[in-house]
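The following paragraphs lead the reader through selected features of one structure. Please keep the sequence and the model at hand while reading.

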Number of protein chains: 2
Amino acid sequence: MHAVHYELLKEDSSTGARLGKLHTPHGTFDTPMFMPVGTQATVKTLSPEELYDMHSQVILSNTYHLFLRPGADLIRKAGGLHKFMNYKKGILTDSGGFQVFSLGAMRKITEEGVTFRSHIDGSKRFLSPEVSVQVQEALGSDIAMAFDECIPYPSDFEYTKTSTQRTSRWAERCLKAHSREDQSLFGIVQGGMYPELRRMSVEQLREMDFAGYGIGGLSVGEPKSLMYDILGQTTDLMDKNKARYLMGVGTPDCIVEAVNLGVDMFDCVFPTRVARNGTAMTATGRLVVRNAVYAEDFAPLDEHCNCYTCRNFSRAYIRHLFKAEEILALRLLSIHNLYFLLDFARQIREAIAQDRFSEFRQQFWANYQEN
Amino acid sequence: MHAVHYELLKEDSSTGARLGKLHTPHGTFDTPMFMPVGTQATVKTLSPEELYDMHSQVILSNTYHLFLRPGADLIRKAGGLHKFMNYKKGILTDSGGFQVFSLGAMRKITEEGVTFRSHIDGSKRFLSPEVSVQVQEALGSDIAMAFDECIPYPSDFEYTKTSTQRTSRWAERCLKAHSREDQSLFGIVQGGMYPELRRMSVEQLREMDFAGYGIGGLSVGEPKSLMYDILGQTTDLMDKNKARYLMGVGTPDCIVEAVNLGVDMFDCVFPTRVARNGTAMTATGRLVVRNAVYAEDFAPLDEHCNCYTCRNFSRAYIRHLFKAEEILALRLLSIHNLYFLLDFARQIREAIAQDRFSEFRQQFWANYQEN
């Protein structure tokens, strides 16, 4: 048995939605779940207690960033990432692959791994399946991700095939390098926008002993209809008894649709990033609290929200904090937006449990304004 | 009886130190007390709950800043400053005098008041005793301060006399303009570095019906020995049954010495300002946590401190947050520094209650390094 394992509790009768539990060394968590992102060993602006208060379960931290600063060695000496940042629930680390591939001209890929220049000081660095696993073992996350290439969109069939096959070889090397028993590895399905390459990727990874699977290379610029199409064809092929994590996706519309297609886990920087720009997420769309129209509006951000921010502060006050460039503004909106998505995932779980996810999805689309 | 009134509980037998209670419409608080500063209707980076957790009592907010942004009218509509910022304990507002006088070339003083240019948009604005009182009544603070001139150092005798007499006339106008029954006005003693003008100021204000007194125009650049000298000569003349608030002073050394001379209340932006630069205050002096020497130091900021930050995070982690420019760093150090000063005031109260303030003061100086 892997240290981290997925327990399928219920499959929805009329959709692909699944209710489950994710067992980890730091507790058992409910899926479908949204994971707040704590890139640099902190979910921007927030304390661990604020995360617990909003019922955050697993959070994500970035191997690339921590590898460069403060370094894996320092975090190992601190007793691991949980202790370093004082987060007592689950932590998932990505592999660093996504970030180094995003560096474009600043990186070079070989079969061995990726050489790149640090965005902090320009120094030459190297990440490979083995280095990524070593770093993630030093971080001591509950879930480590295999080192993969996230293929850009669009990419031609040949490049996608070559890259996806390399990702599979790298996945094997990750498993081989991995030794930490209180941590589990997830493989990452690639294959771009080609159903047959997605199938190839799923089948190759299935041969290996992963605790769960990321689905990578989606939401990279393709139309949403194409994303859902490829996603559905991918999840159809996947093991029902392992967790499925759609990487980097976390807007409410995408979460509803992906849950409908059988996805269990999500992460996204979107809610905290737009929070810092003064945008609140609500069930009916976005609210830009910086706008002058809210200057004397003493209602909470969202009348229906039960988050700390909405229970205690008005739109007028939050707008004042933004205009006055006060840091509390960033916190209050980050709390609201993360609470919104965590609660959204909770509502989805409740709907699946009560056999009304299909209805929930219909209702969501009836109210939602994409703006 | 004033809405706010001071109750003298105990005078120390061998020093000027006093133990007291300050009764306000938002609760009764213990003196000597340190007041955290929330300039723009927020103690920078912190939530009200974080302030309660560190046993914050009265906080200070700035009339000048709130007058310009978001405006007194908006805060009145919000139900007052307590409700706007959701702080349920005491609030003291200054008069705006200190800030407008600090504008230098951008302001013009007449008997009527001060015309100045807003530091935000350059617009022409006017503050007078009457306007300051109106604004503070709209804010609804528990304690409003009279509109005064904080005399720069050095200033000659003639200017100091002229200004101090005007401050007394303005004090009368403030009392006349004031009507809010759930708010009390404090007068402000001026007189620069001239004992006879301090005496004149105290005597003139004593004729008026103030609930308590600020002591202004100290810690404005003069040597500390001169400050203590003038302060002692001033408190000697003051009514024992009213609160004495030494404005803008709040480092541990000055607090100990001023308590020794009979001061009850303090405020200072120093602890939160240096926090945001990465400096922690401790009983033995300052610790610059950004320094490389703390990179792998997994001890708390201060081994003897019981604040949230010291109970949960290491120097190495906080240093990492500063290097990575994470906002949580600013919060964690602000919490530590304010806790340090609030707890320092608590220790002083305990020492006075137990008749060992003189010993406490000696011990303080034996350990303290001014750096």
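A:Phe364 counts as buried, because its relative accessibility is 8%; here buried means under 20% relative accessible area, exposed means over 50%, and partly exposed lies in between, computed with a 1.4 Å probe on protein chains only. A:Trp365 is partly exposed, with a relative accessible area of 34%. The model is predicted, so that local features need a pLDDT of at least 70 and side-chain atom pairs count only at pLDDT 80 or more, while totals for chains, interfaces and linings use all residues. Residues are numbered from 1 along each chain as its sequence is written, chains are lettered from A and ligands numbered from 1 in the order in which they are written, and side-chain values use heavy atoms, with hydrogens and water left out.

The structure holds 32 aromatic pairs over all chains. Rings of Phe, Tyr and Trp (for Trp, the six-membered ring) pair if their centres lie within 6.5 Å; planes under 30 degrees apart count as stacked, over 60 as edge-to-face and the rest as tilted. A:Phe364 and A:Trp365 form an edge-to-face pair, with 5.2 Å from centre to centre and 80° between the planes. Both belong to a cluster linked by ring pairs, together with A:Phe340, A:Phe344, A:Phe357, A:Phe360 and A:Tyr368.

In chain B, B:Phe101 and B:Trp170 form a tilted pair, 6.5 Å centre to centre with 35° between the planes. B:Phe101 lies in helix α5 (residues 97–102) of chain B and B:Trp170 in helix α7 (residues 157–177) of chain B, so the pair ties together parts that are 69 residues apart in sequence. Helices (H or I, at least four residues) and strands (E, at least two) are DSSP runs, numbered from the N terminus. B:Phe101 is buried at 6% relative accessibility, and B:Trp170 is buried at 0%. B:Arg166 lies over the face of B:Trp170, at 5.6 Å from the ring centre. In chain A, the charged end of A:Arg166 sits over the ring of A:Trp170, 5.5 Å from its centre. A charge sits over a ring if NZ of Lys or CZ of Arg is within 6 Å of the ring centre and within 35 degrees of the ring normal.

Strands come next. Chain A has an open sheet of three strands in the order β7-β8-β9, with antiparallel pairing; two strands pair if DSSP finds at least two bridges between them. Its edge strands, β7 (107–109) and β9 (124–127), each pair on one side only. Three bridges join β7(A) to β8 (residues 114–117), and A:Ile109 has A:Val114 of β8(A) as its bridge partner.

In chain B, β15 (residues 279–282) and β16 (residues 285–288) pair in the antiparallel sense over four bridges. The two strands form a hairpin with two residues between them, and B:Met281 stands opposite B:Arg286 in β16(B). In a regular strand the side chains alternate between the two faces of the sheet. B:Thr279 and B:Met281 point one way from β15(B), B:Ala280 and B:Thr282 the other way, and all are buried.
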